[in-house]
Amino acid sequence: MIDQNGHPPVRVLIVDDTPEDRVAYKRLLQGAQRAIAAIEFEIIEADSATEGLEKVRTWAPDCVLLDYRLPDMTGIEFLGELASQAGHGGLAVVMLTGQGDEMVARDAMKCGAQDYLVKGQLTGEALQESIYNAVEMCSLRRMVERQRRQLERSNRELERYARVVAHDLEAPLKAIRQGLSGLQKRAGDRLDEESASFVVEALETADRMGTLIRDILAYSRASAQAAPFAPVDTNKVIETAIANLKSTIESTESVIEADHLPQVMGDENQLLQLFQNLIGNAIKYRDNARTPEIRIAAEPEGEERWRFAVIDNGMGIDPAHAERIFEPFIRLHPASEIEGTGVGLAICHTVVERHGGQIWVESRPGEGSAFYFTVRAAKKVEDLVGGAATRS
Ligand code: ADP
């Protein structure tokens with residue numbers, strides 16, 4: 001970042017094929033009219049795009065002052081070349097256009113230029129300020145990018161750490177369970193009532209801990225897994241999820257109705273986990289006063305995505321908690337009432353995020369919840385054919 005208190009001069013490369021224009025820009029940058037008193041400019045010139053690109057490589061400027069109309073390349077082509085040069089994609093560029101070229105200049109900004117100025121109306125202050133701001137903006141962007149990468153790295157390390165710890169806890173927990181079961185078998189009859197209930201409670205706690213460890217491992221796997229995306233038929237995914245939940249569906253007499261669903265781009269195993277968690281929750285958080293009814297539907301979201309919905313008639317969720325429930329370990333029900341670890345929706349969130357989509361819930365307490373998520377379509381969204389199929 002530029003330090004305004006007299007630190008390194010801003011290195012500007014002027015790329016323009018008209019010598020008089022280059023002299024004029026130099027004068028405007030180095031003249032007495034100062035936008036920021038402490039900033040000095042070090043300037044070199046190039047009279048063609050090819051020479052300009054070469055000097056970007058060899059001289060490493062902070063900013064390129066670029067004439068939009070060059071004999072060998074347009075400004076947009078120059079920006080394309082720049083973006084493809086390793087390490088120079090984030091270089092600050094201020095475009096200089098003629099009167100009437102503003103439209104193309106705006107396009108150039110979409111391609112990576114930070115600003116544009118119209119040649120005939122230049123003042124020293126405007127030019128210096130534009131270059132200074134462009135350099136600042138690029139340097140801030142690089143800093144944000146560095147921090148994002150650092151954050152990603154430390155998140156990955158944390159996930160790895162959680163995975164290792166969870167994994168390492170599995171063996172001692174197994175030993176504790178075996179010890180307690182052994183005690184129950186051998187000394188069961190000799191234990192007084194209170195001691196026997198201590199053992200039962202300890203075993204139940206060990207079971208809950210086992211579930212928690214399994215869920216943590218599943219959660220860290222959801223973030224770490226990176227199977228390549230392929231077209232996935234979500235009808236098949238739903239069928240598998242329903243087959244996996246068969247005994248719960250039967251024991252609760254749940255009715256599941258699914259529309260004919262589309263193909264999406266994704267990781268089939270993760271999508272199965274996503275649907276299974278949502279359907280499983282729709283049953284788990286049912287309202288005991290009525291038969292659980294769950295509907296799965298999909299609607300186009302623009303041309304490239306589908307928005308899926310898993311809708312239940314269960315107990316519902318207070319809207320105040322609608323966002324928190326996607327964080328790991330957040331539960332709205334104590335484990336003593338309804339079993340769980342609060343990891344299921346966090347896995348759903350991670351899976352949807354990995355698929356470049358969003359997940360959210362809309363709910364009315366006492367009436368039911370609708371969980372929505374978006375995911376990329378396998379091909380352009382076409383009209384769905386076929387009606388609803390009821391499965392129970
Ligand atoms: P768990 O089910 O293990 O608690 P989840 O992450 O799947 O973990 O869910 C987090 C919380 O969100 C649950 O404890 C529950 O309070 C609430 N919840 C999730 N799904 C539903 C649903 N379909 N209806 C009502 N509440 C739900």
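**Ground rules.** I am working with a predicted model, in which local features need pLDDT of at least 70 and side-chain atom pairs count only at pLDDT 80 or more, whereas totals for chains, interfaces and linings use all residues. I number residues from 1 along each chain as its sequence is written, and my side-chain values use heavy atoms, with hydrogens and water left out.

**Entry on salt bridges.** My search of the whole structure gives 20 salt bridges, each being a side-chain nitrogen of Lys or Arg within 4 Å of a carboxyl oxygen of Asp or Glu. For exposure I use relative accessible area, with buried under 20%, exposed over 50% and partly exposed in between (1.4 Å probe, protein chains only). In helix H2 (residues 49-59), Lys55 and Glu51 are 4 residues apart and so separated by about one helical turn, and their side chains meet in a salt bridge at 2.7 Å, N to O. I read Lys55 as partly exposed at 22% and Glu51 as partly exposed at 28%. Also in helix H2, Glu54 and Arg57 are 3 residues apart, again about one helical turn, and their side chains meet at 2.8 Å, N to O; Glu54 is partly exposed at 37%, and Arg57 is partly exposed at 45%. In helix H4, I looked up Asp107 and Lys110, which are 3 residues apart and separated by about one helical turn, with a salt bridge of 3.8 Å, N to O, between their side chains. Here Asp107 is partly exposed at 34%, whereas Lys110 counts as exposed at 73%. I also recorded a network of salt bridges that links Asp16, Asp21, Asp67 and Lys119.

**Entry on Gln114.** Is Gln114 buried or exposed? I find it buried, with a relative accessible area of 9%, and placed in the loop between helix H4 (102-110) and strand E5 (115-118). Not counting residues up to four places away in sequence, Gln114 touches Leu91, Ala92, Val93, Met109, Ala134, Met137, Cys138 and Arg141. The side chain of Gln114 also reaches the backbone oxygen of Gly112 at 3.1 Å, which I list as a polar contact (a pair of N or O atoms within 3.5 Å; within protein, one must be able to donate a hydrogen and the other to accept it, and residues adjacent in sequence count only if both atoms are side-chain atoms).

**Entry on the ligand.** I count 20 residues around the ligand, the closest being Asn281, Tyr285, Arg331, His333 and Leu345, where near means that one heavy atom of a residue lies within 4 Å. An oxygen atom of the ligand is 2.6 Å from a side-chain N or O atom of Tyr285. For His333, the separation between an oxygen atom of the ligand and a side-chain N or O atom is 2.8 Å, and for Leu345 an oxygen atom of the ligand is 2.8 Å from a polar backbone atom.

**Entry on phi.** Most residues other than glycine have a negative phi. I therefore noted Ala60, a residue other than glycine whose phi is positive, near 50°, and which is partly exposed at 43% in the loop between H2 and E3.

Note on methods:
Helices (H or I, at least four residues) and strands (E, at least two) are DSSP runs, numbered from the N terminus. Contact means heavy atoms within 4.5 Å.
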